[in-house]
Amino acid sequence: MSADRAPASLAAGSPTPPTRVFDVALLDLDGVVYVGPAAVPGVPEALAEARRAGMRLAYVTNNAARTPQEVAAHLTDLGMPAGPDAVITSSQAAATAVAERMGQGARVLPVGGPGVAAALTAAGLTVVERAEDEPAAVVQGYGPGVGWAQLAEAVVAVRGGARHVATNVDATIPSPRGVLPGNGALVGVVSAVTGQQPLVTGKPDPAMHAECVRRTGARRPLVVGDRLDTDIEGARRAGAASLLVLSGVTDPAGLLAAGPEHRPDLLARDAAGLLTAHPVVTAVDGGWRCGRWVATADGEDGLTLAASRSGSRGGTDIAPVDDLDGLRALAVAHWARTGEQARPPAVSAADDEAARELAGWGLGGR
Ligand SMILES: [Mg+2]
(Lines give C-alpha, C1' and ligand atoms only; values in the text may rest on other atoms or scores of the structure.)
Protein backbone atom coordinates (compact mmCIF):
# COMPACT_ATOMS: atom_id res chain seq x y z
CA MET A 1 0.00 0.00 0.00
CA SER A 2 1.23 3.50 -0.79
CA ALA A 3 2.66 5.29 2.23
CA ASP A 4 1.03 8.48 0.96
CA ARG A 5 -2.49 7.15 1.39
CA ALA A 6 -3.77 6.82 4.91
CA PRO A 7 -6.12 3.82 5.11
CA ALA A 8 -7.33 4.91 8.52
CA SER A 9 -9.86 7.67 8.98
CA LEU A 10 -8.07 8.67 12.20
CA ALA A 11 -5.83 10.61 9.80
CA ALA A 12 -8.67 12.93 8.78
CA GLY A 13 -9.44 14.06 12.33
CA SER A 14 -12.32 16.50 12.82
CA PRO A 15 -11.52 20.18 12.26
CA THR A 16 -14.65 21.14 14.18
CA PRO A 17 -15.74 19.53 17.47
CA PRO A 18 -17.82 16.34 17.08
CA THR A 19 -20.76 18.10 18.79
CA ARG A 20 -21.05 20.23 15.64
CA VAL A 21 -20.59 17.35 13.18
CA PHE A 22 -22.73 14.57 14.68
CA ASP A 23 -26.33 14.86 15.91
CA VAL A 24 -26.47 11.91 18.34
CA ALA A 25 -23.78 10.33 20.52
CA LEU A 26 -24.29 6.61 21.15
CA LEU A 27 -22.33 6.26 24.38
CA ASP A 28 -21.04 3.06 25.87
CA LEU A 29 -21.27 3.08 29.69
CA ASP A 30 -18.56 1.05 31.48
CA GLY A 31 -15.22 2.70 30.83
CA VAL A 32 -16.78 5.71 29.05
CA VAL A 33 -19.34 7.28 31.37
CA TYR A 34 -18.36 5.50 34.57
CA VAL A 35 -15.81 3.05 35.90
CA GLY A 36 -17.36 1.00 38.69
CA PRO A 37 -19.89 3.13 40.58
CA ALA A 38 -18.22 6.51 39.95
CA ALA A 39 -18.39 8.77 36.91
CA VAL A 40 -15.24 9.22 34.83
CA PRO A 41 -13.95 12.59 36.14
CA GLY A 42 -15.19 15.50 34.02
CA VAL A 43 -17.53 13.42 31.87
CA PRO A 44 -20.87 14.52 33.43
CA GLU A 45 -19.86 18.15 32.85
CA ALA A 46 -18.66 17.39 29.31
CA LEU A 47 -21.91 15.60 28.42
CA ALA A 48 -23.95 18.51 29.80
CA GLU A 49 -21.90 20.82 27.58
CA ALA A 50 -22.47 18.52 24.57
CA ARG A 51 -26.22 18.69 25.18
CA ARG A 52 -26.09 22.47 25.40
CA ALA A 53 -24.32 22.41 22.03
CA GLY A 54 -27.34 20.55 20.59
CA MET A 55 -26.08 16.96 20.63
CA ARG A 56 -28.51 14.28 21.77
CA LEU A 57 -27.25 11.42 23.95
CA ALA A 58 -28.18 7.74 24.02
CA TYR A 59 -26.55 4.97 26.03
CA VAL A 60 -25.72 1.55 24.57
CA THR A 61 -24.30 -1.03 26.96
CA ASN A 62 -23.18 -4.63 26.70
CA ASN A 63 -23.55 -4.84 30.47
CA ALA A 64 -26.69 -6.93 30.93
CA ALA A 65 -26.87 -6.85 34.71
CA ARG A 66 -29.20 -3.92 35.20
CA THR A 67 -32.49 -2.75 33.68
CA PRO A 68 -32.71 0.46 31.59
CA GLN A 69 -34.63 2.02 34.52
CA GLU A 70 -31.78 1.22 36.94
CA VAL A 71 -29.15 2.47 34.49
CA ALA A 72 -31.09 5.70 33.86
CA ALA A 73 -31.44 6.29 37.62
CA HIS A 74 -27.69 5.72 38.10
CA LEU A 75 -26.85 8.16 35.28
CA THR A 76 -29.20 10.75 36.76
CA ASP A 77 -27.59 10.31 40.21
CA LEU A 78 -24.18 10.92 38.64
CA GLY A 79 -25.37 14.21 37.12
CA MET A 80 -26.27 12.89 33.66
CA PRO A 81 -30.08 13.07 33.56
CA ALA A 82 -31.50 10.30 31.35
CA GLY A 83 -34.77 8.45 30.95
CA PRO A 84 -35.04 4.66 30.41
CA ASP A 85 -35.81 5.22 26.72
CA ALA A 86 -32.32 6.67 26.25
CA VAL A 87 -30.76 3.40 27.42
CA ILE A 88 -30.47 0.14 25.51
CA THR A 89 -28.90 -2.93 27.12
CA SER A 90 -27.61 -6.17 25.65
CA SER A 91 -30.27 -7.99 27.70
CA GLN A 92 -32.92 -6.23 25.60
CA ALA A 93 -31.08 -7.18 22.41
CA ALA A 94 -30.90 -10.83 23.53
CA ALA A 95 -34.58 -10.88 24.49
CA THR A 96 -35.57 -9.46 21.09
CA ALA A 97 -33.43 -12.03 19.29
CA VAL A 98 -34.87 -14.94 21.31
CA ALA A 99 -38.48 -13.75 20.86
CA GLU A 100 -37.92 -13.49 17.09
CA ARG A 101 -36.43 -16.97 16.85
CA MET A 102 -38.40 -18.93 19.46
CA GLY A 103 -41.69 -17.02 19.45
CA GLN A 104 -43.58 -15.10 22.12
CA GLY A 105 -44.02 -16.99 25.37
CA ALA A 106 -41.06 -19.32 24.79
CA ARG A 107 -39.45 -20.60 28.00
CA VAL A 108 -36.03 -19.11 28.74
CA LEU A 109 -33.54 -19.76 31.55
CA PRO A 110 -31.72 -16.52 32.50
CA VAL A 111 -28.17 -16.47 33.87
CA GLY A 112 -27.00 -13.07 35.12
CA GLY A 113 -28.18 -10.03 37.03
CA PRO A 114 -31.84 -8.95 37.39
CA GLY A 115 -31.62 -7.05 34.08
CA VAL A 116 -31.52 -10.32 32.16
CA ALA A 117 -34.77 -11.78 33.51
CA ALA A 118 -36.50 -8.36 33.40
CA ALA A 119 -35.70 -7.95 29.70
CA LEU A 120 -36.96 -11.46 28.91
CA THR A 121 -40.25 -10.81 30.70
CA ALA A 122 -40.65 -7.42 28.99
CA ALA A 123 -40.23 -9.13 25.59
CA GLY A 124 -43.09 -11.52 26.37
CA LEU A 125 -40.91 -14.55 27.12
CA THR A 126 -41.49 -16.96 30.00
CA VAL A 127 -38.70 -17.02 32.57
CA VAL A 128 -37.90 -20.39 34.13
CA GLU A 129 -35.35 -21.27 36.80
CA ARG A 130 -34.44 -24.89 36.18
CA ALA A 131 -33.19 -27.02 33.29
CA GLU A 132 -36.04 -29.46 34.09
CA ASP A 133 -38.49 -26.77 32.91
CA GLU A 134 -37.17 -27.48 29.38
CA PRO A 135 -36.25 -23.94 28.31
CA ALA A 136 -35.87 -23.28 24.58
CA ALA A 137 -32.94 -20.96 25.31
CA VAL A 138 -30.46 -19.99 28.00
CA VAL A 139 -29.72 -16.25 27.97
CA GLN A 140 -26.46 -15.49 29.73
CA GLY A 141 -25.45 -11.94 30.69
CA TYR A 142 -23.14 -10.34 33.19
CA GLY A 143 -24.12 -10.32 36.86
CA PRO A 144 -21.76 -9.96 39.82
CA GLY A 145 -23.70 -12.67 41.68
CA VAL A 146 -23.37 -15.38 39.02
CA GLY A 147 -21.87 -18.51 40.52
CA TRP A 148 -21.32 -22.20 40.00
CA ALA A 149 -24.95 -23.21 40.58
CA GLN A 150 -26.30 -20.95 37.80
CA LEU A 151 -23.53 -21.99 35.41
CA ALA A 152 -24.25 -25.66 36.12
CA GLU A 153 -27.99 -25.12 35.48
CA ALA A 154 -27.12 -23.47 32.15
CA VAL A 155 -24.88 -26.40 31.17
CA VAL A 156 -27.63 -28.94 31.88
CA ALA A 157 -30.20 -26.90 29.92
CA VAL A 158 -27.93 -26.44 26.88
CA ARG A 159 -27.03 -30.13 26.89
CA GLY A 160 -30.79 -30.82 26.94
CA GLY A 161 -31.26 -28.84 23.72
CA ALA A 162 -31.66 -25.19 24.81
CA ARG A 163 -29.98 -22.62 22.55
CA HIS A 164 -27.14 -20.87 24.39
CA VAL A 165 -27.48 -17.10 23.86
CA ALA A 166 -24.87 -14.67 25.21
CA THR A 167 -25.77 -11.01 25.68
CA ASN A 168 -22.11 -10.27 24.92
CA VAL A 169 -18.70 -11.91 25.11
CA ASP A 170 -16.55 -9.08 26.51
CA ALA A 171 -13.76 -11.04 28.22
CA THR A 172 -13.17 -8.24 30.72
CA ILE A 173 -14.88 -5.33 32.42
CA PRO A 174 -13.05 -2.23 33.69
CA SER A 175 -13.00 -1.56 37.44
CA PRO A 176 -11.13 0.77 39.80
CA ARG A 177 -8.91 -2.31 40.55
CA GLY A 178 -8.09 -2.94 36.90
CA VAL A 179 -9.87 -5.26 34.49
CA LEU A 180 -11.97 -8.06 36.01
CA PRO A 181 -13.74 -11.09 34.47
CA GLY A 182 -16.50 -10.02 32.10
CA ASN A 183 -19.45 -11.99 30.74
CA GLY A 184 -17.32 -13.54 28.01
CA ALA A 185 -15.17 -15.28 30.60
CA LEU A 186 -18.24 -16.89 32.21
CA VAL A 187 -19.87 -17.69 28.85
CA GLY A 188 -16.62 -19.50 28.10
CA VAL A 189 -17.15 -21.72 31.15
CA VAL A 190 -20.52 -22.90 29.81
CA SER A 191 -19.37 -23.35 26.21
CA ALA A 192 -16.19 -25.14 27.28
CA VAL A 193 -18.32 -27.75 29.08
CA THR A 194 -21.10 -28.06 26.48
CA GLY A 195 -18.94 -27.76 23.37
CA GLN A 196 -21.61 -25.42 21.90
CA GLN A 197 -20.79 -21.96 20.58
CA PRO A 198 -23.27 -19.34 21.83
CA LEU A 199 -25.34 -16.96 19.72
CA VAL A 200 -24.03 -13.48 20.65
CA THR A 201 -26.48 -10.56 20.47
CA GLY A 202 -24.62 -7.59 22.02
CA LYS A 203 -21.97 -5.38 20.41
CA PRO A 204 -20.27 -5.85 17.95
CA ASP A 205 -23.56 -7.14 16.50
CA PRO A 206 -25.00 -3.89 15.04
CA ALA A 207 -28.55 -4.49 16.34
CA MET A 208 -28.26 -2.26 19.42
CA HIS A 209 -26.70 0.68 17.59
CA ALA A 210 -29.32 0.32 14.84
CA GLU A 211 -32.12 0.30 17.43
CA CYS A 212 -30.68 3.47 19.01
CA VAL A 213 -30.50 5.18 15.63
CA ARG A 214 -34.13 4.21 15.00
CA ARG A 215 -35.28 5.48 18.42
CA THR A 216 -33.44 8.80 18.15
CA GLY A 217 -33.85 9.38 14.42
CA ALA A 218 -30.11 10.06 14.26
CA ARG A 219 -28.83 11.21 10.87
CA ARG A 220 -25.13 11.35 11.76
CA PRO A 221 -24.53 9.16 14.82
CA LEU A 222 -21.16 8.92 16.58
CA VAL A 223 -20.43 5.81 18.65
CA VAL A 224 -18.31 6.59 21.73
CA GLY A 225 -16.66 3.54 23.29
CA ASP A 226 -13.66 2.15 25.13
CA ARG A 227 -13.48 -1.33 23.55
CA LEU A 228 -12.16 -2.04 20.08
CA ASP A 229 -13.81 -5.46 19.59
CA THR A 230 -17.30 -4.35 20.66
CA ASP A 231 -17.83 -0.57 20.44
CA ILE A 232 -15.56 0.26 17.50
CA GLU A 233 -16.29 -2.89 15.49
CA GLY A 234 -20.00 -2.46 16.28
CA ALA A 235 -19.88 1.11 14.96
CA ARG A 236 -18.23 -0.10 11.76
CA ARG A 237 -20.85 -2.79 11.28
CA ALA A 238 -23.65 -0.28 11.92
CA GLY A 239 -22.13 2.17 9.43
CA ALA A 240 -21.47 4.80 12.12
CA ALA A 241 -18.38 6.85 12.89
CA SER A 242 -16.57 6.10 16.16
CA LEU A 243 -14.63 7.84 18.91
CA LEU A 244 -12.34 5.68 21.05
CA VAL A 245 -11.75 6.91 24.58
CA LEU A 246 -8.80 5.74 26.70
CA SER A 247 -10.74 5.96 29.99
CA GLY A 248 -11.63 2.24 29.93
CA VAL A 249 -10.03 -1.04 28.87
CA THR A 250 -8.08 -0.07 25.72
CA ASP A 251 -4.48 1.10 26.18
CA PRO A 252 -2.22 2.73 23.56
CA ALA A 253 -0.48 -0.59 22.78
CA GLY A 254 -3.85 -2.23 22.10
CA LEU A 255 -4.87 0.64 19.83
CA LEU A 256 -1.70 0.40 17.72
CA ALA A 257 -2.12 -3.36 17.29
CA ALA A 258 -5.73 -3.00 16.03
CA GLY A 259 -6.86 -4.58 12.78
CA PRO A 260 -8.92 -2.57 10.26
CA GLU A 261 -12.32 -3.35 11.79
CA HIS A 262 -11.09 -2.15 15.19
CA ARG A 263 -9.61 1.20 14.11
CA PRO A 264 -11.55 4.21 15.40
CA ASP A 265 -12.20 7.42 13.47
CA LEU A 266 -11.38 9.67 16.42
CA LEU A 267 -9.33 9.30 19.60
CA ALA A 268 -9.58 11.06 22.97
CA ARG A 269 -8.57 10.60 26.60
CA ASP A 270 -12.26 10.55 27.58
CA ALA A 271 -15.71 11.61 26.39
CA ALA A 272 -14.76 15.29 26.75
CA GLY A 273 -13.26 14.68 23.30
CA LEU A 274 -16.78 15.39 22.00
CA LEU A 275 -16.14 19.08 22.67
CA THR A 276 -12.78 19.58 20.96
CA ALA A 277 -11.42 19.63 17.42
CA HIS A 278 -9.35 16.58 16.43
CA PRO A 279 -6.12 17.24 14.51
CA VAL A 280 -5.34 15.77 11.11
CA VAL A 281 -2.40 13.41 10.58
CA THR A 282 -0.49 14.27 7.42
CA ALA A 283 2.17 12.50 5.36
CA VAL A 284 5.63 14.12 5.59
CA ASP A 285 9.07 12.95 4.42
CA GLY A 286 8.22 9.24 4.53
CA GLY A 287 6.55 9.58 7.94
CA TRP A 288 3.31 10.86 9.45
CA ARG A 289 2.95 14.07 11.39
CA CYS A 290 0.38 15.15 13.97
CA GLY A 291 0.93 18.44 15.75
CA ARG A 292 4.62 18.53 16.68
CA TRP A 293 5.17 14.77 16.47
CA VAL A 294 6.44 12.71 13.54
CA ALA A 295 6.08 8.91 13.41
CA THR A 296 8.14 6.86 10.95
CA ALA A 297 7.64 3.18 10.14
CA ASP A 298 10.78 1.20 9.36
CA GLY A 299 11.26 -2.45 8.50
CA GLU A 300 8.59 -5.01 9.26
CA ASP A 301 7.29 -3.62 12.56
CA GLY A 302 9.64 -0.83 13.70
CA LEU A 303 7.99 2.47 14.54
CA THR A 304 9.86 5.59 15.67
CA LEU A 305 8.47 8.73 17.28
CA ALA A 306 10.32 12.03 17.05
CA ALA A 307 9.58 15.51 18.37
CA SER A 308 9.81 17.86 15.42
CA ARG A 309 11.59 21.19 15.91
CA SER A 310 9.13 23.99 16.39
CA GLY A 311 8.31 25.80 13.17
CA SER A 312 10.34 23.44 11.01
CA ARG A 313 7.30 22.09 9.18
CA GLY A 314 5.65 25.31 8.16
CA GLY A 315 2.49 26.92 9.38
CA THR A 316 0.24 23.85 9.76
CA ASP A 317 0.35 23.63 13.55
CA ILE A 318 -2.74 24.07 15.65
CA ALA A 319 -2.47 24.25 19.40
CA PRO A 320 -2.73 20.69 20.76
CA VAL A 321 -5.98 20.02 22.63
CA ASP A 322 -4.63 16.96 24.42
CA ASP A 323 -1.43 14.93 24.75
CA LEU A 324 -2.39 12.33 22.13
CA ASP A 325 -0.97 13.85 18.93
CA GLY A 326 2.10 11.58 19.01
CA LEU A 327 -0.11 8.53 19.49
CA ARG A 328 -2.29 9.58 16.54
CA ALA A 329 0.81 9.87 14.37
CA LEU A 330 2.07 6.45 15.50
CA ALA A 331 -1.29 4.80 14.82
CA VAL A 332 -1.65 6.21 11.32
CA ALA A 333 1.98 5.40 10.44
CA HIS A 334 1.65 1.80 11.66
CA TRP A 335 -1.78 1.19 10.08
CA ALA A 336 -0.61 2.59 6.74
CA ARG A 337 2.06 -0.12 6.80
CA THR A 338 0.07 -3.06 8.23
CA GLY A 339 -3.00 -2.55 6.01
CA GLU A 340 -5.46 -5.36 6.63
CA GLN A 341 -3.40 -7.01 9.37
CA ALA A 342 -3.54 -6.61 13.15
CA ARG A 343 0.06 -6.51 14.38
CA PRO A 344 1.79 -4.91 17.35
CA PRO A 345 4.65 -2.55 16.39
CA ALA A 346 8.07 -2.31 18.05
CA VAL A 347 8.01 1.35 19.13
CA SER A 348 11.10 3.40 19.87
CA ALA A 349 11.94 7.06 20.50
CA ALA A 350 14.23 9.22 18.40
CA ASP A 351 14.94 11.69 21.21
CA ASP A 352 14.48 12.22 24.95
CA GLU A 353 11.23 14.12 24.54
CA ALA A 354 9.73 11.30 22.50
CA ALA A 355 11.00 8.77 25.06
CA ARG A 356 9.10 10.60 27.82
CA GLU A 357 6.00 10.73 25.62
CA LEU A 358 6.14 6.98 24.93
CA ALA A 359 6.75 6.17 28.61
CA GLY A 360 3.61 8.15 29.46
CA TRP A 361 1.58 5.76 27.28
CA GLY A 362 3.33 2.62 28.54
CA LEU A 363 5.02 2.09 25.17
CA GLY A 364 8.61 1.00 24.46
CA GLY A 365 11.57 3.30 25.07
CA ARG A 366 14.60 4.33 23.12
MG1 LIG B 1 -17.10 -0.21 27.83
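Two strands count as paired if DSSP finds at least two bridges between them. The model on screen is predicted, and this tour starts from one such pair.

**Stop 1**

Select residues 221-225, strand E13, and residues 241-245, strand E14. The two pair in the parallel sense over four bridges.

Now show the whole sheet. It is open, has six strands in the order E5-E4-E1-E13-E14-E15, and its pairing is parallel. E5 and strand E15 (266-268) each have a single partner strand and stand at the edges, so one side of each is left without a neighbour in the sheet. On average, neighbouring strands of this sheet are turned by 20° against each other, direction ignored.

**Stop 2**

Four bridges join E1 to E4, and the two strands run parallel. Leucine 26 has alanine 58 as its bridge partner in E4.

On the other pairing of E4, three bridges join it to E5, again with the strands running parallel. Here threonine 61 stands opposite threonine 89 in E5.

Colour E4 by burial. Five of its six residues are buried, so E4 is largely enclosed by the rest of the structure.

**Stop 1: helix H3**

Select residues 68-77, helix H3. Which residues of H3 are buried? They are Pro68, Val71, Ala72 and Leu75. These residues cover an arc of only 100° around the axis, which puts them on the same side of H3.

What covers the buried residues of H3 includes strand E4 (56-61) and strand E5 (87-89). Just after H3, glycine 79 takes a positive phi of about 95°.

**Stop 2: the nonpolar core**

Show the largest nonpolar core, which has 114 residues. Those with the most contacts inside it are Ala25, Leu26, Leu27 and Ala271. Helix H11 (residues 325-338) supplies the largest share of this core, eight residues.

Centre the view on alanine 271. Leaving aside residues up to four places away in sequence, alanine 271 touches Leu27, Val32, Val33, Val40, Val43, Ala46, Leu47, Val224 and Val245.

**Stop 3: the domains**

Colour the chain by domain. The division gives domain 1 (17-62 + 204-274), domain 2 (90-200) and domain 3 (282-360). Domain 1 and domain 3 have C-alpha centres that lie 24 Å apart. Their contact takes twelve residues from domain 1 and 14 residues from domain 3.

Which elements give two or more residues to the side of domain 1 that touches domain 3? Select helix H10 (252-256) and E15. H10 gives the most to that side of domain 1, with four residues.

**Stop 4: the five-stranded sheet**

Next, show the open sheet whose five strands have the order E16-E17-E18-E19-E20, with mixed pairing. Strand E16 (282-284) and E20 stand at the edges, each with a single partner strand, so one side of each is left without a neighbour in the sheet. Neighbouring strands here are turned by 30° against each other on average, direction ignored.

Both senses of pairing can be seen by selecting E18, E19 and E20. Strand E18 (residues 293-298) is joined to E19 by six bridges, and these two run antiparallel. Valine 294 has alanine 306 as its bridge partner in E19. Strand E19 (residues 302-307) is joined to E20 by four bridges, and these two run parallel. In this second pair, glycine 302 stands opposite alanine 346 in E20.

H11 lies across strand E17 (287-290), E18, E19 and E20, running at about 25° to E18. Helix H12 (residues 352-360) packs on the sheet and touches E19 and E20; its direction makes about 115° with that of E19.

**Stop 5**

Definitions and conventions. Residues are numbered from 1 along each chain as its sequence is written. This is a predicted model: local features need pLDDT of at least 70, side-chain atom pairs count only at pLDDT 80 or more; totals for chains, interfaces and linings use all residues. A residue is buried if 20 or more other C-beta atoms lie within 10 Å of its own, exposed if 12 or fewer, and partly exposed in between; C-beta atoms are placed from the backbone. The arc is that of the directions from the helix axis to the C-beta atoms. Two residues are in contact if their C-beta atoms, placed from the backbone, lie within 7 Å. Axes are lines fitted to C-alpha atoms, for helices over the stretch in contact, and angles run from 0 to 180 degrees between N-to-C directions. A nonpolar core is a set of buried Ala, Val, Leu, Ile, Met, Phe, Trp, Tyr and Cys residues joined through C-beta atoms within 7 Å. Domain bounds come from an automatic or database domain assignment.
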